Structure formats: structure tokens, C-alpha cells
Amino acid sequence: MPTSHTDPVTLEVVELIGTVVARYHQEYEEAAAAHSLTGAQARVLGLLALEPTPMRKIAEKLKCEPSNVTGIIDRLESRGLVERRPDPADRRVKLAAPTDDGRDTARRLRESLHFAREPLGELTGVERTLLRDLLLRMLGETPPPAS
């Protein structure tokens, strides 16, 4: 029989997840401010550090309007952290891409986020893998095969 969604443990887990998310967002905003960025600018820069991305796709990932992304990209571009370039696959599409300074800022920002890393470092490798796999299952994704 499936567990009720209102059993005490489920309610406690939901509350704990909310607390973790709130702490992460607080530290992320503080880390962004330390680099003279807003949280939204830091998130966009972090996405772009992974790969140059069309602005429409950034908006989809952040679940916001493309016009909001345009403003964020404009501000990052004015600081020399991002540039717009044509997509080699479709020259009508503009990609936002980090400059060298932008990649460096994104790296320093990532390195300054200690909230998640420090507590996770106290877990064993097996515990971290189990936590990752459980979170992926909660998101409806399949954990990678055990190595």
C-alpha cells in the first residue's frame, strides 16, 4: 500500500527540502552579490559557462520571459562577461556565450558556494550517490547505472 502524502515523515521531508532550498538560494544570492551580480545574472552566466545558448532556450530553462533574458544578457554584455554571436548551425539565431572573463567569474562563483559542498562532503560516497539517485527519482529521471 503506497505511503500517504500526509504521513509525518513525508511532511518532515518536504519541510527539510524547503529549508535546504531556502539556504541554497540565500547563499547563491550572497555569492552573486559578492561578484556584483544579481542572482538571475549569476544563474544565466552559470548556464552559459556550460555552453553558448540561444536566449529563448535560456528563458525556457529559467522559466521566464525571453525579454527578461534579453535584459540580463544586455547587462552581462555591458560588463564584458557575455557576448552575442551567430549560431554556426543557423546564422539567424544569436547565441549568448561567456567571454574569458565571464567563464572565470562563473568558475569563481561556483567555487564560492560552500553551503551544499561542505555538508555533502561529510557524507560518504555511497550516501552521496544514494541521495543523488533519490533526488533524480523524485524528478522522474533515471539514475545512471552503478559504476
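Good morning. I begin with Thr105, which is buried, at a relative accessible area of 7%; buried means under 20%, exposed over 50% and partly exposed in between, with a 1.4 Å probe and protein chains only. What we are viewing is a predicted model, in which local features need pLDDT of at least 70 and side-chain atom pairs count only at pLDDT 80 or more, while totals for chains, interfaces and linings use all residues. Residues are numbered from 1 along each chain as its sequence is written, and side-chain values use heavy atoms, with hydrogens and water left out.

Thr105 belongs to helix H5. Helices (H or I, at least four residues) and strands (E, at least two) are DSSP runs numbered from the N terminus. Which residues does Thr105 touch, not counting those up to four places away in sequence? They are His35, Leu37, Leu45 and Leu81, where contact means heavy atoms within 4.5 Å.

Let us turn to the helix pair. Helix H2, residues 39-50, packs against helix H5, residues 100-111, at an angle of about 110°, and their axes are 9 Å apart. Axes are lines fitted to C-alpha atoms, for helices over the stretch in contact, and angles run from 0 to 180 degrees between N-to-C directions. H2 and H5 are therefore roughly perpendicular to each other, a term for angles of 65 to 115 degrees; under 35 is roughly parallel, over 145 roughly antiparallel, and the rest oblique. From H2, the contact is made by Ala42, Leu45 and Ala49, and from H5 by Gly102, Thr105, Ala106, Leu109 and Arg110.

Next comes the core. The largest nonpolar core has 22 residues, and Ile58, Ile73 and Val82 have the most contacts inside it. Such a core is a set of buried Ala, Val, Leu, Ile, Met, Phe, Trp, Tyr and Cys residues joined through side-chain atoms within 4.5 Å. Which helix gives the largest share of this core? H2 does, with five residues. In soluble globular proteins, nonpolar side chains tend to be buried together.

Finally, consider Arg84, in strand E2, residues 82-87. Arg84 counts as partly exposed, at 27% relative accessibility. Its C-alpha atom is separated by 4.7 Å from that of Ala96, twelve residues apart along the chain. Beyond neighbours within four places in sequence, the contacts of Arg84 include Ile73, Asp74 and Glu77. Thank you.
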